[in-house]
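Reader: Please take a close look at one part of this model. Then carry on from there to the rest of the chain.

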Amino acid sequence: MPRIMGMRGLIASSIGVTCAAALALPLTLPAASHAAPAPARDALAGSTQSLALARLGATRAADRPEEQGLARRDVRPFSLVGVVWDDPNAELHGRVQVRTRTTATAAWSGWQDVETHNDDAPDLDTSERTASHVRGATAPLWVGDSDGVEVRVSGEPPAPTRAAAPPLPSGLRLELVDPGTDEDPGPEGAPADAPRGNPPAGTVIPELSKQATEDELIAAAGGDTSAAQARPYVGPRPRIVTRKGWGADEKLREHKLGYTKTVKAAFVHHSATGNNYRCAQAASVIRGIYRYHVKSSGWRDIGYNFLVDKCGTIYEGRAGGVTKPVMGAHTLGFNTNSTGIAVLGSYSSTSPPAAVVDALARLTAWKLGLTGANPSGTTTLKSGGGNLYPKGKNVRLHVISGHRDGFATECPGRRLYDELGTARAGSARLQGR
């Protein structure tokens, strides 16, 4: 049966306009407070504390790893932590560990590792990457509501062929992010968009049946929705929590929007923020990542185009319209003509819940279907430069790929990566292939 292919022109169509209108509602949020040691926290407000790290030990010995950090200290409330440095092209060769004190019990955690290689980033030579305020950064770590912190950063020891230990990047700073508080976090264990009556206008893009999704695309292309022979390969539109729905402070990001030509592939990531969050806290985790990407790392906006929590709830990421080919900052070297989906959590040794894999299938079946991409197929993308493929090289990749397929990284974690075949099959099935 003939199908509609090449849906690139639809990104500026009426479906795009409809969704974009829902996403463009202005937000006026209370300003963050920095005045008192423990200020009252208004709903959806947020703040970032940036603390310079100091050398641990009196002197720096060339034959021993460098160590920097901060001793235990009281700080204003925060929930997400990371370390940044001056040069975005410099790598942190070593280990970053933090201990935090929870506000609920005043108990200190054990040492927790922070993922040092944060390869979710804008492409080289792009204006977002070369801006003077962009910094190198670890992945952020979600620690929950805390008011005390201790950190240590240890460089790698000298290699057998090298007398001196590699130095740590200059300008190391500890970033403590308070994402603000949700007005109504919902019952424990419930998804952030769990029904609590009618959701406020603009906070959720409702799901559509496959028939209704196909009809919208056909109508947008100027076709007759009654013509059964013209049905496109596209999955039913899933329910998506908008930026307004998770509480994005639109004053933080740049107002300029960046687009690429089309969407040929989807890269799956894990956020590496840890699994110690409840699904009712997912909006707070996303606001923390958003603030860390923008205020701490210096990016234009949150790097991912979409996010998925461990209960399978789907969230809009970078601004610009969920139907459109928004240029993200998620896979260094392959942000052009792709979309980035981050699963909240760390999945190197923890298996993703079935709801996550199902959400990936539903989201990609719809999003890739807008441009006629086959989730079970392959496509060619041109590398923008990275540690796996040189700039300008044409690379054959799965239409649904893991971050590690385009960059030498552990992301999206072995356990999540192993589930991508299941997601591809489910996505293709939802498209009717």
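**P169 and beyond**

Author: P169 sits in the loop between β7 (141-155) and β8 (173-178). Strands here are DSSP runs of E with at least two residues; helices are runs of H or I with at least four; both are numbered from the N terminus. The model is predicted, so local features need pLDDT of at least 70 and side-chain atom pairs count only at pLDDT 80 or more, while totals for chains, interfaces and linings use all residues. Residues are numbered from 1 along each chain as its sequence is written, and side-chain values use heavy atoms, with hydrogens and water left out.

P169 has a relative accessibility of 8%, so it counts as buried. The cut-offs are under 20% relative accessible area for buried and over 50% for exposed, with partly exposed in between (1.4 Å probe, protein chains only). Across the chain, P88 is 81 residues from P169. Their C-alpha atoms are separated by 9.7 Å. Leaving aside neighbours within four places in sequence, P169 is in contact with W85, A90, E91 and L92. Contact means heavy atoms within 4.5 Å.

Another loop residue is S348. It lies between β14 and α6. At 35% relative accessibility, S348 is partly exposed. The C-alpha atoms of S348 and R415 are 5.6 Å apart, although 67 residues separate the two along the chain. R415 is also one of the contacts of S348, with H270, G413 and R414, once neighbours within four places are set aside.

Next, the disulfide. The rule asks for two cysteine sulfur atoms within 2.5 Å. It gives a count of one. C279 and C311 are the partners, with S to S at 2.1 Å. The torsion about the S-S bond is about 95 degrees, so this disulfide is right-handed. The pair links distant parts of the chain, 32 residues apart. C279 is in the loop between β11 (265-270) and α5 (282-296), and C311 is in the loop between β12 (306-308) and β13 (314-316). C279 is buried at 3% relative accessible area. C311 is partly exposed at 31%.

Now the cores. A nonpolar core is a set of buried Ala, Val, Leu, Ile, Met, Phe, Trp, Tyr and Cys residues joined through side-chain atoms within 4.5 Å. The largest has 28 residues. Those with the most contacts inside this core are F306, I314, I341, L360, W366, L368 and L416. Two or more residues come from each of β11, β12, β14 (338-343), α6 (354-369) and α8 (420-431). The biggest share is from α6, with seven residues. A second, separate core has 23 residues, including Y277, A283, Y315 and L344.

The aromatic rings follow. Rings of Phe, Tyr and Trp (its six-membered ring) pair if their centres lie within 6.5 Å; planes under 30 degrees apart are stacked, over 60 edge-to-face, and the rest tilted. The whole structure holds three such pairs. W246 and Y290 have ring centres 5.5 Å apart and planes at 80 degrees, so they are edge-to-face. W246 is in helix α4 (residues 243-246) and Y290 in helix α5, so the pair ties together parts 44 residues apart in sequence. W246 is buried at 0% relative accessible area. Y290 is buried at 1%.

F334 and Y389 are also edge-to-face, 6.1 Å centre to centre with 85 degrees between the planes. F334 is in the loop between β13 and β14, and Y389 in the loop between β15 (378-382) and β16 (394-398), so this pair ties together parts 55 residues apart in sequence. F334 is buried, with 1% relative accessibility. Y389 is partly exposed, with 22%.

The test requires NZ of Lys or CZ of Arg within 6 Å of the ring centre and within 35 degrees of the ring normal. K310 lies over the face of Y277, 4.4 Å from the ring centre. R433 lies over the face of Y233, at 4.1 Å.

Last, the whole chain. It has eight helices and 17 strands. Of its 433 residues, 55% count as buried. Among contacts between residues at least 6 apart in sequence, 77% join residues at least 24 apart.
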